[in-house]
Amino acid sequence: MTQTKSAEAGAAPRRAEWTGQVGFILSAVGSAVGLGNIWRFPGVAYENGGGAFLIPYVVALLTAGIPILFLDYAIGHRFRGSAPLALRRLAGRLGEGIGWFQVMICVFIAIYYTAVLAWAVSYFVFSFDLRWGADAAGFFSGEYLQVAEAPFTLDFVPSVLIPLVLMWVVALAILGAGVVRGVQLLNVVAVPLLVVGFLILVIRALFLPGALDGLNALFTPDFAALANPGVWVAAYGQVFFSLSVAFGIMITYASYRRRKSNLTTPGLVVAFGNSSFEVLAGIGVFATLGFFASQQGVAVGELEGLTGVGLAFVTFPAIVAQMPGGPFFGILFFGALTLAGLTSLISVMEVILAGVMDKFGLSRAKAVYGLGGVIAIVSVILFGTTSGLTALDTIDNWANNIGIVGSAVAMTVTVLWIRRAGTQLSGHLSALSTFRVGRVWLFLVSVLGPIVLGYMLIATIVNLIAEPYSGYAPGYLLVVGWGSVVIMIVASIALTLSPWRQDPDRFTLWPPVPADRASVVRTVTEGDRS
């Protein structure tokens with residue numbers, strides 16, 4: 001009882017909290033399930049061994065995805081703060097710098113992610129009358145985006161600008177309502193709706209002519225692919241990016257959990273729920289692609305646009321235009337994209353807001369409508385114009401493959417090698433969860449994780465230097481791609497050096513670091529009785 005009271009007395013002002021476990025799980029699932037689950041996983045699986053890809057995918061999930069997810073949970077929950085605050089309390093100024101780097105990753109992601117969300121909303125509306133007609137590719141890049149050859153323009157496109165502004169208004173209104181009445185309420189409503197809507201879409205897709213050919217293309221295993229290291233790297237990359245780990249989201253969300261909260265079981269629910277949705281998305285996408293291939297008289301492998309923006313906004317609209325009941329299918333698909341994108345955008349923005357509120361003592365309203373408004377304006381200027389598509393593709397590649405992977409390597413090395421906090425964090429997870437997290441988890445997050453992610457980071461950097469990304473001009477990639485990373489680093493240093501409004505170290509850990517797990521359980525039990 002004394003320990004609990006002293007912990008609360010020594011802590012910073014009371015943080016917002018989820019109302020319970022269901023609210024946290026649905027919010028975490030809403031963050032993890034995003035656009036990448038629907039348009040990235042099916043293509044990555046198909047290109048890396050089909051059904052055989054599920055083997056390295058599951059291995060990656062168990063050895064990297066879930067362990068690093070637990071690491072994020074432990075840091076956020078034990079040190080009760082946003083990414084900069086929690087990592088500052090754990091690893092000093094160096095940790096805080098990594099936390100601000102994660103915040104800056106989220107800034108860049110939020111700026112371009114909202115643009116894709118705006119496209120999804122537009123196509124949701126377009127689905128009612130199949131406005132793209134018979135030329136889905138020409139409509140997307142021409143009539144809709146009006147893509148310019150110039151790398152940067154200020155020629156605004158009303159059909160993009162209006163939904164982009166609308167999505168920012170919706171996002172800021174949700175965030176302004178708070179953690180419970182805004183973020184949690186959105187996810188409690190949107191995640192079940194997303195799952196039900198996508199299930200209807202998948203069932204419809206399975207009854208299309210040629211659907212079985214599509215499923216055969218996706219799930220027929222090519223076990224020879226397992227000998228290719230690139231397939232394993234792709235599996236780790238897919239799991240890592242999909243779970244929203246190592247760039248502040250799960251640290252922030254875990255900090256909103258109550259003191260005595262189970263961490264590991266909800267983590268497993270989130271991880272396997274996210275992966276299940278990816279497999280479901282793969283079934284729906286490739287059943288539909290099988291129909292399209294049969295209509296074209298070609299094999300599924302001969303189709304173009306099997307992943308990413310091309311799949312969502314070119315291939316799928318072309319399919320919808322040819323299938324019976326196309327408008328209904330389009331409404332379901334783009335409605336699912338919109339819900340998945342919105343819940344993920346909210347989680348990304350929450351990382352940014354939590355960081356500045358902790359550091360500068362801002363109210364939520366000032367953070368949301370002040371800083372959030374500035375980010376929205378930048379987003380509109382960059383992505384409401386005719387040059388938005390090229391910038392989006394470039395920033396997305398650097399933010400994910402350099403920023404997030406680099407953040408994961410830096411965080412694991414700092415926390416587990418330099419600070420040597422692995423035992424403390426595993427003890428925290430074990431004390432508050434239904435099963436013990438011990439040496440196996442420590443090995444995975446402190447040895448295997450940094451090695452695999454470090455290899456991914458180095459290989460990506462070498463490839464980006466050796467060959468211009470997507471054939472873009474090297475000068476453009478230097479400014480927009482590498483320049484984005486430089487801005488993230490410089491801003492992180494500046495924010496780390498700026499003074500805190502309140503002493504970040506005015507904080508007492510709970511439960512304390514014990515000599516053994518039994519003493520921790522005893523402390524938690526005494527706290528419950530008090």
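Biologist: Which residues are buried in helix 7?

Modeller: In helix 7, A136, F139, F140 and Y144 are buried. Buried means under 20% relative accessible area, exposed over 50%, and partly exposed in between, with a 1.4 Å probe and protein chains only. Helices are DSSP runs of H or I with at least four residues, numbered from the N terminus.

Modeller: Before we go on, this is a predicted model, where local features need pLDDT of at least 70, side-chain atom pairs count only at pLDDT 80 or more, and totals for chains, interfaces and linings use all residues. Residues are numbered from 1 along each chain as its sequence is written, and side-chain values use heavy atoms, with hydrogens and water left out.

Biologist: Why do the buried residues of helix 7 line one face?

Modeller: Seen down the helix 7 axis, they fall within an arc of 95 degrees, so they line one face of the helix. That arc is taken from the directions from the helix axis to the C-beta atoms.

Biologist: And what do they pack against?

Modeller: The buried residues of helix 7 pack against helix 6, helix 8 and helix 14; contact means heavy atoms within 4.5 Å.

Biologist: OK, the core. Which residues touch the most other members of the largest nonpolar core?

Modeller: I75, F240, F313 and L425 do, in a core of 180 residues. Helix 6, residues 83–126, gives the most to this core, with 26 residues. A nonpolar core here is a set of buried Ala, Val, Leu, Ile, Met, Phe, Trp, Tyr and Cys residues joined through side-chain atoms within 4.5 Å.

Biologist: What does I75 touch, leaving out residues up to four places away in sequence?

Modeller: Its contacts are R80, A86, L87, L90, I251, M411, V415 and L425. R80 has a phi near 50 degrees, positive for a residue other than glycine. R80 sits in the loop between helix 5 and helix 6, and R80 is buried at 9% relative accessible area.

Biologist: Where is S244, with its positive phi near 60 degrees?

Modeller: S244 is in the loop between helix 11 and helix 12. At 5% relative accessibility, S244 is buried too.

Biologist: Switching to charges. How many salt bridges are there in the whole structure?

Modeller: Eight, where a salt bridge is a side-chain nitrogen of Lys or Arg within 4 Å of a carboxyl oxygen of Asp or Glu. One of them pairs D358 with R15, the closest N and O atoms being 3.1 Å apart. D358 is in helix 15 and R15 is in the loop between helix 1 and helix 2, 343 residues apart.

Biologist: Is R15 buried or exposed?

Modeller: R15 is buried, at 16% relative accessible area.

Biologist: What about R88, which residue is 2.9 Å from it by closest N and O atoms?

Modeller: That's E96, in a salt bridge with R88. R88 is buried at 15%, and E96 is buried at 0% relative accessibility. D505 also forms a salt bridge with R88, with closest N and O atoms 3.7 Å apart. D505 lies in the loop between helix 20 and helix 21 and R88 in helix 6, so the pair ties together parts 417 residues apart in sequence.

Methods. Helix = DSSP H or I, 4+ residues; strand = E, 2+ residues; numbered from the N terminus.
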